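Take a look, then let's go through it together.

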Amino acid sequence: QVQLIESGGGLVQAGGSLELSCAASGRTFSSYAMGWFRQAPGKEREFVASIRWSGGITDYADSVKDRFTISKNNGKNTVYLQMNSLKPEDTAVYYCANRPSVLPEFDSWGQGTQVTVSS
């Protein structure tokens with residue numbers, strides 16, 4: 001099992017930036033990739049971005065492409081989400097998740113960190 005702890009959320013004005021971090025521990029050697037998801041009030045959880053530990057291949061939701069950047073530090077078992085040009089519609093609880101294999105499934109989730117973007 002991989003344990004995940006997110007940090008870096010907060011309140012920011014529209015157009016501002018925030019960087020989220022996700023520190024992984026436990027069976028990190030079994031992790032294939034990491035992803036970021038978000039859930040706004042009254043909405044379903046949605047995919048934001050993902051990155052593979054090996055090779056750093058990334059994937060983004062269309063809604064955040066060109067504004068958000070996912071990156072990793074293998075030595076620290078940490079994944080980051082740099083969020084620029086934030087919009088009020090980016091307001092949500094952001095979760096990181098572990099993807100254990102090539103299958104598009106995530107099996108461990110962090111507790112979430114709140115991001116609030118004011119207009």
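Q: How does the radius of gyration of the chain sit against that of a compact globule with 119 residues?
A: First, some ground rules: this is a predicted model, where local features need pLDDT of at least 70, side-chain atom pairs count only at pLDDT 80 or more, and totals for chains, interfaces and linings use all residues. Residues are numbered from 1 along each chain as its sequence is written, and side-chain values use heavy atoms, with hydrogens and water left out. The radius is taken over C-alpha atoms, and the globule rule is 2.2 Å times the number of residues to the power 0.38. A compact globule would come out near 14 Å, and the chain agrees with that at 13 Å.

Q: How many helices and how many strands are in the chain?
A: Both are DSSP runs numbered from the N terminus: helices are H or I with at least four residues, strands are E with at least two. From the N terminus on, the elements read β-β-β-β-β-β-β-β-β-β-β. The tally is zero helices and eleven strands.

Q: Which strands stand at the edges of the open sheet, and why is one side of each left without a neighbour?
A: Four strands make up this sheet in the order S1-S3-S8-S7, with antiparallel pairing; two strands pair if DSSP finds at least two bridges between them.

Q: What share of the 119 residues counts as buried?
A: Buried means under 20% relative accessible area, exposed over 50%, and partly exposed in between (1.4 Å probe, protein chains only). For the chain, the buried share is 42%.

Q: Is Arg67 buried or exposed?
A: Arg67 sits in the loop between S6 and S7. Contact means heavy atoms within 4.5 Å, and not counting residues up to four places away in sequence, Arg67 touches Gln82, Met83, Asn84, Ser85, Leu86, Lys87 and Asp90. With a relative accessible area of 11%, Arg67 is buried.

Q: Which side chain does the side chain of Asp62 join in a polar contact?
A: Asp62 is in the loop between S6 (58-60) and S7, and is exposed at 66% relative accessible area. A polar contact is a pair of N or O atoms within 3.5 Å; within protein, one must be able to donate a hydrogen and the other to accept it, and residues adjacent in sequence count only if both atoms are side-chain atoms. At 3.2 Å, the partner of Asp62 is Lys65.

Q: Which residue has its backbone nitrogen 2.9 Å from a polar atom of the side chain of Thr91?
A: Thr91 belongs to the loop between S8 and S9 (92-99), and its side chain reaches the backbone oxygen of Pro88 at 2.9 Å. Leaving aside neighbours within four places in sequence, its contacts are Ala40, Gln114, Val115, Thr116 and Val117. The backbone nitrogen at 2.9 Å is that of Val117.
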